[in-house]
Amino acid sequence: CTGKLYKEKKFFQKKEEELPIEAQKWNKMWDLWVEEEADSPYAELMTYQSEVNNGGHMQFFDNVSNTDDLPKNVEVLYSILTGALRENIEKAYNAFLAYDENDENDTISEIMDECDDVFYANESEIERILQEYADTIEL
């Protein structure tokens with residue numbers, strides 16, 4: 001050994017490409033949400049989107065009612081959602097309130113499925129709202 005330091009050359013390593021600013025802000029928004037530092041009403045909207053995409057409205061209502069103040073969360077969603085999405089969350093929430101674990105709930109299950117379909121058909125509106133929020137985030 002001659003005591004010289006050699007730098008290893010990495011001929012085959014690709015240079016990491018920087019994400020566009022819009023994508024960086026979008027990712028930071030979700031990081032803030034994970035860290036519970038996203039602003040209201042966007043944090044509630046992100047939780048709503050995440051939960052419904054993961055298991056539908058019933059999962060959203062079950063999980064939020066077990067970890068947070070569900071009526072408050074629904075009120076916040078009413079304040080930010082418009083049109084079909086606002087009507088949809090109201091319909092789903094009313095069905096959830098009528099749900100009884102000890103009864104047959106075929107009608108409520110059908111309502112929840114319909115509400116999930118309306119959510120998916122209008123999810124681009126949620127994406128638009130969240131993108132407007134992400135655009136305001138400082139990197």
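How are helix 4 and helix 5 oriented to each other, roughly parallel or roughly antiparallel? Hi everyone, let's start there, and please keep in mind that this is a predicted model.

Helix 4 covers residues 83–98 and helix 5 covers residues 106–121. The two pack at an angle of about 160°, and their axes are 9 Å apart. Angles over 145 degrees count as roughly antiparallel, so that is the answer for helix 4 and helix 5. As for handedness, helix 4 passes helix 5 in a left-handed crossing.

Who makes the contact? On the helix 4 side we have Ala-84, Leu-85, Asn-88, Lys-91, Ala-92, Ala-95, Phe-96 and Ala-98. Helix 5 brings Ile-108, Ile-111, Met-112, Glu-114, Cys-115, Val-118 and Phe-119. By class, the residues of this contact are twelve nonpolar, one polar and two charged.

The largest pocket has a volume of about 400 Å³. It is lined by 16 residues, and the closest to its centre are Trp-33, Glu-36, Ala-43, Thr-47 and Asp-68.

Which helices supply the lining of the largest pocket? Helix 1 (21–34), helix 2 (42–67) and helix 3 (70–80) each give at least two residues. Helix 2 has the largest share of that lining, with seven residues.

Definitions and conventions:
Residues are numbered from 1 along each chain as its sequence is written. This is a predicted model: local features need pLDDT of at least 70, side-chain atom pairs count only at pLDDT 80 or more; totals for chains, interfaces and linings use all residues. Side-chain values use heavy atoms; hydrogens and water are left out. Axes are lines fitted to C-alpha atoms, for helices over the stretch in contact, and angles run from 0 to 180 degrees between N-to-C directions. Helices (H or I, at least four residues) and strands (E, at least two) are DSSP runs, numbered from the N terminus. Angles under 35 degrees count as roughly parallel, over 145 as roughly antiparallel, 65 to 115 as roughly perpendicular and the rest as oblique. A crossing is left-handed if the near helix is turned anticlockwise from the far one by less than a right angle, and right-handed if clockwise. Contact means heavy atoms within 4.5 Å. Ala, Val, Leu, Ile, Met, Phe, Trp, Tyr, Cys and Pro count as nonpolar, Asp, Glu, Lys and Arg as charged, and the others, Gly among them, as polar. On a 1 Å grid over the protein atoms alone, a cavity is a set of points where a 1.4 Å probe fits but cannot get out, and a pocket is an open set with protein on both sides within 12 Å along at least five of seven lines; lining residues have an atom within 4 Å of a point. Grid points are joined across faces, edges and corners, and a volume is the space filled by probe spheres set on the points.
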